[in-house]
Amino acid sequence: MRPSRLGLVVAAILIFAGGASAQDSGQAAAKKYRVFGQLTSYLELNQAEDRDDYTKFKQLASVNIEWSKFTIGGQAEYLYYSDPELADPLDLDRLRTGFELRKYFFDYQTDVFSGRLGTFFSSLGRGLTLYVQKNDVLGFDEPIHGVTARLSLKHFDLTVLGGRVTEPLLQNQYNREFEDEVMGGRALVRLPLDLYIGASAVKARLDRFFPEGTDDVEIWSIEAGGSEIGGFLDLAAEISEIDKTEGSREKEGYGRYFSAAAYIGPVSILGEYKDYYNFAYRYNQPPNAGRSDESYEHNDVKGPRLLVSADIFSTGTLLHASYGSFNTHKKPTSPGGTTGDGHNEWYAGIEQTIGQVYFMGSYFDRDWVDRKIGEKHTLADLHVRVGRAGEVILGYDQRLEESKYFSLDTTRSFLAYSLSPWGTVSLRYSWEDRSGFDRDDFWGVEIQFLPKPSLIVTVFGGGDPGGLVCAGGQCRVEPRFEGYKANFTWRF
Amino acid sequence: MTRKTRPRNPIARLIIVLIVLTLVGSSINVSAGAPPDFRLKDLDGDWFSLSENLAGNVVYISFWATWCVPCRREMPHLEKLHQEFSEQGLTMIGINTDPPGTTSKIKPYIKRYKISYTTLLDPNNNVLDKYNPTRELPYAVLVDRAGNVVQVFPGYRTGDEEVLEEKIIELLGQGGDAGGTGETE
């Protein structure tokens, strides 16, 4: 990094901090407004063996000013790469170098009405018709730029929205910006006995990646359900239809989602059924009906799952287990002649606290019957309390994908000591093993230090294998990393 | 392969920047003032407004998600504090930040951990975004009887619950006269 730029950034932070400090000293004691936000500095020194070193620096400043029923806010970002050509293609940040006002909004909120002009995230219903969300784990951070309003009466809710949005993975893949338009809304009526009925609709105009042009999507859904029916049963259902125009082709599809949850003594039972056919478009993400840190597909899939959780022995031993069986709508007569893409998945877990020891373990297994591929995910954490505020933690996280011809084992383990409220020191050991003959090992040390609760400093040195990272059912492949990282967060 | 080039003293620069930032941040005592107001639905679809439940109570607002392991560890402690101090004026609020696709899992999860304090839903994370733009979980704020944030709790480490309990006892003992700027209406 050139010293002049580094100096400018540090100077800006100092000036800003000085202003906040002056404000605190009583100069604005009588004000009826308040200012709050967060400063985050992130520095990455990439030192992989097989390529030149480069530096990545990211500065985020979020500031909100709240006055009466109004809030004005914004988030500015400055991104710098010492050599953008060296940045990993999987790094979603690399398309946004320089200064950018990432978020900005003007909010007005009363008991019955709320409105926002600017940037916002939104989803309608259970995400069948619209889902535009930030996902920090995966690095998605593209809000809708537009306007949204919500009317909330005792038995009636109405949400409307419209604006422009970009899809980050597509943008990263094709190395150009895709700007799409979405508009829609949702109405919900609360009925007696904690029942509800609602409907939502969205119209989207999507930037086509090739040839240039736009595609149209129209999607609507109706939903109904109830809470604690008969004192023990929750029900929810949402059905949706989608019309997609892609060039001269028109496609129709649908989505159906049902869930029922019952609570009987210490046992909770959740049943879900999903049926999505030709249903995916850039801005929807219906329920997974599976574990949230696993991948799933929602364009063509159907099937049920059952999740049971309980403290059955009333000893504090928490158990949960799930089984789901899914397939596509393809038949032997479908184009390509496939019999489908069936997969069965189950997972189970246990949590137990005995005195000063806490253990959490879970195992996930997905068997792709037609592809003959297996996915396994094992997680285990052992915590041993040491003294009043200390704890030693041993963690293990293994993802294994295997077929007759290959296997990929990505494993992370760590040994950590945490001391409340000051922070945590972790020693990490990870490896990536391809079919048992090609293996990379990684060591790393991470220190997280909280000199005060509003200030967090994290430093990491070493390597990480990267690989598949999933959150909320979405997944992406993280680049591997070797070098140093530092993160500084200050809330005010 | 081309020869690797390496920037001069990158680690030294990193350390200098971190020391400067830490010293600056540590030297500033910014009064947190009132927490951002919000209006969210609970698990039964009823609206809950923070400002309507703030007056005169000590309030703990904790953001969590079903996929968050430290949240899972923290919640039984919060339930215990809720059981112990709710009658003395503690309002415990859990705000779930799961995406809408996992809404059906939330109540079974609440039942599994025997949580009886108020659980609100923030599926679009718009409230979390105001409190904690980087969105790490769990994240919590403690509000005194005068309606001012007195402490934030980023993450959860074993032992944090004892720091919290001490702070709650101290704030409950202050009655309605807790200090602070009381800047919002």
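**View 1. Strands E3 and E4 of chain B run side by side in parallel.** Seven bridges join E3 (residues 58-64) to E4 (residues 90-96) in this predicted model. Trp64(B) of this pair stands opposite Asn96(B) in E4(B). Helix H3 (residues 69-85) of chain B packs on the sheet here and touches both E3 and E4. The direction of H3(B) makes about 155° with that of E4(B).

**View 2. Seven strands of chain B form an open sheet.** Their order is E2-E1-E5-E4-E3-E6-E7, and the pairing is mixed. Strands E2 (47-49) and E7 (149-154) of chain B stand at the edges. Each has a single partner strand, so one side of each is left without a neighbour in the sheet. On average, neighbouring strands are turned by 30° against each other, direction ignored.

**View 3. Helices H3 and H6 of chain B cross at roughly 20°.** H6 spans residues 160-173, and the two axes come within 11 Å. Angles under 35 degrees count as roughly parallel, and H3(B) and H6(B) are therefore roughly parallel to each other. The crossing is right-handed. H3(B) contributes His77(B), Leu81(B) and Phe85(B) to the contact. From H6(B) come Glu161(B), Leu164(B), Glu165(B), Ile168(B) and Leu172(B). By class, the contact has five nonpolar, one polar and two charged residues.

**View 4. Chain A holds two helices and 28 strands.** Of its 492 residues, 31% are buried. Among contacts in chain A with a separation of 6 or more, 48% link residues 24 or more positions apart.

Technical notes:
Residues are numbered from 1 along each chain as its sequence is written. Chains are lettered from A and ligands numbered from 1 in the order in which they are written. This is a predicted model: local features need pLDDT of at least 70, side-chain atom pairs count only at pLDDT 80 or more; totals for chains, interfaces and linings use all residues. Two strands pair if DSSP finds at least two bridges between them. Helices (H or I, at least four residues) and strands (E, at least two) are DSSP runs, numbered from the N terminus. Axes are lines fitted to C-alpha atoms, for helices over the stretch in contact, and angles run from 0 to 180 degrees between N-to-C directions. Two residues are in contact if their C-beta atoms, placed from the backbone, lie within 7 Å. A residue is buried if 20 or more other C-beta atoms lie within 10 Å of its own, exposed if 12 or fewer, and partly exposed in between; C-beta atoms are placed from the backbone. Angles under 35 degrees count as roughly parallel, over 145 as roughly antiparallel, 65 to 115 as roughly perpendicular and the rest as oblique. A crossing is left-handed if the near helix is turned anticlockwise from the far one by less than a right angle, and right-handed if clockwise. Ala, Val, Leu, Ile, Met, Phe, Trp, Tyr, Cys and Pro count as nonpolar, Asp, Glu, Lys and Arg as charged, and the others, Gly among them, as polar.
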